[in-house]
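Subject: Structure handover

Hello,

Please find the structure below.

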Amino acid sequence: MNGHTASARVPRLGDLEAEVLAFVREVNPRKLHFLDQKGEWAENPEAMRDRISHALLYHLRSQSEEDKASFFAQTFSPFLTESRWPIAEKIAALSLEEWKEFQEAKAEVTRSAAEVLAPLIRLIAEEERYSAALERLLAESSVSMRREEAYSLILERIQPPLGIVTQIPPALFFPCLRLLLDGRIDPESGIPHLASLILSVFQDPRSTEALLQAMARFPVGFTKIRENLIYTLGNLREERAVDALIEVLEAADEIKETAAGHPTMGLLLEQKEEAIWALGKIGLGAVKAVPALATYADHSSAKLKTYLAWTLGEVGKAQKGATGGVSADVVIALLKLLKDKNRQIFEETVSALRKIDLPEFVHSLYLYHVGAVSILGLKPAQRGLYELSETLHYLLRTKKRTIIAVNGDSGTGKTYFCQAIADGFAGLGPEEILYLMRDSKRGQRVFNRLLGLPWLKKHIDPCYYQDYPLSEDEDDPEAYFRRFLEENSEKRLIILDGCRDRHYFQRVIDFFYLQGELDIEVNFRANFSTRRLNLETREFALESVKLHLQFLEEPALEDTSFYQEGLVILFDLDNSIASRLDREETRELFERPRIDSWGELIRIGDFSGETKTSPCREEKFRLQTFLDNRVFQTSIKGIADFALLGRTFFLAAPGRGLLSLSFERNEIAEWQAGDAFPKKVVGQPPDRLVTAHQDGTIRVWDSLEKRALAFASQLSSLTALAIDQAGRIYGGDETGTLRQWDLERRTARDFVSSAGAVRFLRYYPLGKLLAVEDGKSGGTSSSLRIIDFASLTGRSISLPPGKVVNGINVYHDGRIIAATSEAGGESRGREKNLLVLSPGDRGCSVLALSGHALGTKDCVTMGPKIITCGTDSDGTSSLRIWGSEFFVRTELGRLFIKS
């Protein structure tokens, strides 16, 4: 009878699980909940037993239903016997010490549930050690003579290892909550600030109450502490913080207070930026803050208005999703921001209007400053990466090795993309891919050797090359590069990943480029909000996020040689959130090629027509040693020459001077150069301009150094001008003399050529120069020379009889595109005056295409197409776009006419 009664009292495991699961569901993740000894809910555990209860319940809440059930089965089963259950009932209400009676049952539970319990036990034990040590130091700080030392020791105790916030021990969470609110601590000691920073890294919803209390405790003057608090509350999307954030917005931009008897003044702009950003994170709950937000559309701070545009878009989107409409204040404020000429503000504003479904409305506006906005005219990464995939597959099929540089400002998603393909794709194994990242030790070792020790000593902090293996005398970057390629000969794909900076990674990419080993350049761009959101997921701490937001590529892509010269395949992509692919989508996209004839879409095709061969002659020189997708239009008369530097045109206007034309700023500026008007102008990215003047002088304009250097050319009549990547200047004159000036070495060299005048100079791949000259002995045809300064040799190429070059361009594979007309201006109908020359080992094939009827005046290559300008038979000027038959057919298929 007694045995039967005891047996009936033992509950079923399923019933216990259901009851405890109901308790776990009641745990509020934004509170420090625990069950006290009476089985009732309480908050803010202090005793170890209560902290264990909270830790276990909080952990279980985050687990799946299956994992919860498994844990309860492991925990309860040892007690569900006739002999043990009565004891369990009796001890359930006793203190922690009395649990020692359960040695046998506890051992079983510990073994079966060790996977869950052991980490929690270690965590609580570590928390206890931190708390005990910090409490001792706080007690010491109450003695004024010991306070400064105690504060220093507390800061040292909670400081992240090596300053790396991702390595903060989880056991610091509860101690930092207490430090943040401890009234014994001086707010200016640095301890509350560090505690708030650590809590911002954890972004634990259980800190919400403490963060709200801290917002009320610390006045607005403690702006760095409050910025961390606001940042964390925003990431936690805490609606209860909205009123406090509105108070921040309604405060003045500057505050004046008295501290230690002295007046102080502080700026609140950064705190306001964080408040605006946090309201955007909160979304729908921040709708009541819209009136306060809208007042900032007229603020003077560009950064603050950039944050504002993103937040208005987020709040408006949430409001429209919940109610079907958007507050008029949101739309009005965005329209005000749309008028701002700042690029970041404009981009974020357009993105915000798209979020609330007003893109067509935006496109109908006349925005006079739209030329200043690059990212909105870029190809979205979703489409651009599709084209990059096809290009990579094509190059991998046709080349032994492909080298790709992936660049972009910090936070644009470049490394995320690289990591998506670095493990292999489409049968290309990870062992065939070399991934070199500028922030990795492996990448830095390679890049340092390519830069060389003298350069590193001149431009780079010594901490980045302390282990350099050679002395300056032994160092030879080019020899190392050859060994590097040999040692990695089995690699089919080499990826260079990093943010370009003038003196380090830009120079690394330039090294590959000048060696003729760079095939593809991928540049990721993103709007400000995308960069910040990306950095938040990577850097965690607000201070680190702000620091990395300052990492912008310098020089700008448009100021680089590989951008302006077109000798590599370039992908300039918008990788903002609305345009990007995730990791799995990227891997799927690159898994296989889809277009067999893609090569014809990324290269100038072979065209069709009759190909003739022109002879080439090898010559030895005599050496003498001395010292973007938009069309803009304007009308300026009397221009002798022009150059493009970044996005600014520089115009040589005889009789007027040197002019700079910016379509972005919608302005023309005159540069003072005395009475000697310029005849020729050429740019060297990113910040150098060279002009040749009527009085025979050459001027070098350096905008970085803010100075101009002038020297006499000593040429009879300069007719052509060029500059290479190393800064060496080349000039040609009417007598056929070609002169090189090396300003760094302060030398000049003459290369005596034919009797014909030098008409054009162009950079040719692998460090060579292309010169266009008049024919010898008074002949009417132009001739070409490809000059190799390393070997002091040249190749002379004759054009078909009667052809005079009006403009010339070099394609990245070494083909030469020449715009010509008949000598003497004669016209015999539709002449073949667009020439495609392909220099080879034994000769040079010349393909003549029908250009403009009365002569082709100039030409430029852009990716797979040639663009020409000239005069048609009726005397009108026209532009033409040339490509392979497949390319033209494909492009025509994309066109439509809107009536």
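Helix α22 (residues 441-451) packs with helix α25 (residues 505-514) at an angle of about 70°, and their axes lie 10 Å apart. Axes here are lines fitted to C-alpha atoms, for helices over the stretch in contact, and angles run from 0 to 180 degrees between N-to-C directions. Helices (H or I, at least four residues) and strands (E, at least two) are DSSP runs, numbered from the N terminus. The angle makes α22 roughly perpendicular to α25; that term covers 65 to 115 degrees, while under 35 counts as roughly parallel, over 145 as roughly antiparallel and the rest as oblique. From α22, F447, L450 and L451 make the contact, and from α25, F505, R507, V508, F511 and F512. Contact means heavy atoms within 4.5 Å. Of the residues in this contact of α22 with α25, seven are nonpolar, none is polar and one is charged. The classes are nonpolar (Ala, Val, Leu, Ile, Met, Phe, Trp, Tyr, Cys and Pro), charged (Asp, Glu, Lys and Arg) and polar (the others, Gly among them).

On the source: this is a predicted model, in which local features need pLDDT of at least 70 and side-chain atom pairs count only at pLDDT 80 or more, while totals for chains, interfaces and linings use all residues. Residues are numbered from 1 along each chain as its sequence is written, and side-chain values use heavy atoms, with hydrogens and water left out.

T306, Y307 and W310 of α16 meet F528, S529, R532 and L533 of α26. This contact of α16 with α26 comprises four nonpolar residues, two polar and one charged.

Next, burial. In helix α12 (residues 223-235) sits T223, which is buried, with a relative accessible area of 15%. Leaving out residues up to four places away in sequence, T223 touches L267 and Q271.

Now the sheets. Six strands form an open sheet with parallel pairing, in the order β5-β10-β9-β6-β8-β7. Two strands pair if DSSP finds at least two bridges between them. β5 (379-380) and β7 (433-437) are the edge strands, each pairing on one side only. β5 pairs with β10 (residues 569-574) over two bridges, and K379 has L573 of β10 as its bridge partner. α25 packs on this sheet and touches β6 (402-408), β8 (493-497) and β9 (520-525), its direction making about 155° with that of β6.

Another open sheet has four strands, β18-β19-β20-β21, with antiparallel pairing. At its edges stand β18 (678-684) and β21 (707-712), each with a single partner strand, so one side of each has no neighbour in the sheet. On average, neighbouring strands of this sheet are turned by 20° against each other, direction ignored. β19 (residues 688-693) and β20 (residues 697-702) pair over five bridges; A692 has I698 of β20 as its bridge partner.

Regards

Terms used
Buried means under 20% relative accessible area, exposed over 50%, partly exposed in between (1.4 Å probe, protein chains only).
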